[in-house]
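Welcome, and thanks for taking a look. Here is a short briefing on helix packing and charge pairing; please keep the structure open beside the text.

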Amino acid sequence: MKKISLIINNKKYTLDVSYDLRLIDLLRDKLNLTGTKEGCGEGECGACTVIMNGRTVNSCLVLAHQADGSNITTIEGVADGEKLHPIQEAFLEKGAVQCGFCTPGMVLSAKALLDKNHNPSREEIREGVSGNLCRCTGYNKIVEAVELAAEKMRGEQK
Ligand code: FES
Ligand code: FES
């Protein structure tokens, strides 16, 4: 076991974790943050995406003890209380959610992109979500939603 301290969604945690515990299992099973989804469990689908120290990671490929000292955002930390984040609003407005299984990871990949690049091109958006597979939407609605979110975050849309 190893004692780790980390910040998740602006809350500090100190926990004892076994060396083989994956970050996704820490989030879902120990902290009940079940918005993070597991699809493939091997780094292919992006459903388990979280933001760690400003960059997206596949939480199925990170061991919990490797996250010691890090700052993590999961989908539960994206909205501001009851108020959805502009990316979440845009996904709803553009119909970019169907089954929703990919959506938490998509939203976090979009957030990591838009936090750094306030006016991404379509190509940059496609690149930004390229690690996230979606079986349902055909991706166009997702790209449109990220474009709309960028406009909202720049203050050009309500
Ligand atoms: S569950 Fe982690 S990449 Fe698919
Ligand atoms: S909405 Fe179903 S996998 Fe993307």
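A salt bridge here is a side-chain nitrogen of Lys or Arg within 4 Å of a carboxyl oxygen of Asp or Glu. Glu89 and Lys83 pair in this way, with 3.2 Å from N to O. Please bear in mind that the model is predicted.

**Helix packing**

- Two packed helices are described by the angle between their axes and the distance between the axes.
- For H2 (residues 86–93) and H5 (residues 140–153), the axes come within 8 Å and cross at roughly 135°, which means that H2 is oblique to H5.
- The crossing of these two helices, H2 and H5, is right-handed.
- On the H2 side, the contact is made by Pro86, Ile87, Glu89, Ala90, Phe91 and Glu93, which meet Ile142, Ala145, Val146, Leu148, Ala149, Lys152 and Met153 of H5.
- Sorted by class, the residues in the contact of H2 with H5 are 10 nonpolar, no polar and three charged.

**Salt bridges**

- Side chains of opposite charge can pair when their charged atoms come close.
- Across the whole structure, a search finds 10 salt bridges.
- One of them joins the side chains of Arg22 and Asp25 at 2.8 Å, N to O, and both Arg22 and Asp25 are buried.
- Arg154 forms a salt bridge with Glu156, with 3.0 Å between the closest N and O atoms.
- In that pair, Arg154 is partly exposed, at 31% relative accessible area, whereas Glu156 is exposed, at 52%.
- Lys83, Glu89, Glu93 and Lys152 are joined into one network by salt bridges that share partners.

Technical notes: Residues numbered from 1 in each chain as written. Chains lettered and ligands numbered in written order. Predicted model: local features only at pLDDT ≥ 70, side-chain atom pairs only at ≥ 80, totals over all residues. Heavy atoms only, no water. Axes fitted to C-alpha atoms, helices over the stretch in contact; angles between N-to-C directions. Helix = DSSP H or I, 4+ residues; strand = E, 2+ residues; numbered from the N terminus. Parallel < 35°, antiparallel > 145°, perpendicular 65-115°, else oblique. Left-handed = near helix turned anticlockwise from the far one by under 90°. Contact = heavy atoms within 4.5 Å. Nonpolar A, V, L, I, M, F, W, Y, C, P; charged D, E, K, R; others polar. Buried < 20%, exposed > 50% of the residue type's maximum accessible area, 1.4 Å probe, protein only.
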